[in-house]
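The entries follow the order in which I checked things.

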Amino acid sequence: MFTIIIPAYNAEKTIRKALLSCLNQTYKDIEVIVVDDASTDNTLNMVKEIANNIKHLNADRVVVTTKEDIVEVLKEELENGHPVDV
């Protein structure tokens, strides 16, 4: 499995195409992480809608998170003495 990370900020015009392009690859053993950086448009809702449509097909392959959440996870890992690859 490999991971595709898509940073997004006010990307409502392009996020659907980018996300579906990743998900429609012939190699299916992937996960896609979309990191939303406090978008003020409809980016986050669009990604969640696509993710929900995929989940009903039993394909948990899209993770939606924020930049702040990623930073918190990295801080916790470092504080607990776990190495973090960035």
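I began with helix α3, residues 67-79, whose 13 residues reach 18 Å from the first C-alpha to the last, close to the 18 Å expected at 1.5 Å a residue. The expected span is 1.5 Å times one less than the number of residues in the helix, and I took helices (H or I, at least four residues) and strands (E, at least two) as DSSP runs numbered from the N terminus. After α3 comes G81, and I noted that its phi is positive, near 80°.

This is a predicted model, in which local features need pLDDT of at least 70 and side-chain atom pairs count only at pLDDT 80 or more, while totals for chains, interfaces and linings use all residues. Residues are numbered from 1 along each chain as its sequence is written, and side-chain values use heavy atoms, with hydrogens and water left out.

I then looked up the pLDDT, which is the predictor's confidence in each residue, from 0 to 100. The chain averages 80, and 81% of the residues score at least 70.

Which residues have the most contacts inside the largest nonpolar core? I found I6, I15, L19, L23, V32 and V34, in a core of 14 residues. Such a core is a set of buried Ala, Val, Leu, Ile, Met, Phe, Trp, Tyr and Cys residues joined through side-chain atoms within 4.5 Å; buried means under 20% relative accessible area, exposed over 50%, and partly exposed in between, with a 1.4 Å probe and protein chains only. At least two residues of this core come from each of β1 (2-8), α1 (15-23), β2 (30-36) and α2 (43-55).

Turning to α1, I noted that I15, L19, C22 and L23 are buried. They lie on the same side of α1, because they cover an arc of only 95° around the axis, the arc being that of the directions from the helix axis to the C-beta atoms. L19 has 0% relative accessibility.

Last, I looked for salt bridges, meaning a side-chain nitrogen of Lys or Arg within 4 Å of a carboxyl oxygen of Asp or Glu, and the count is one. R16 pairs with E49, their closest N and O atoms being 3.7 Å apart. R16 lies in α1 and E49 in α2, so the pair ties together parts that are 33 residues apart in sequence. R16 is partly exposed at 34% relative accessible area, and E49 is partly exposed at 41%.
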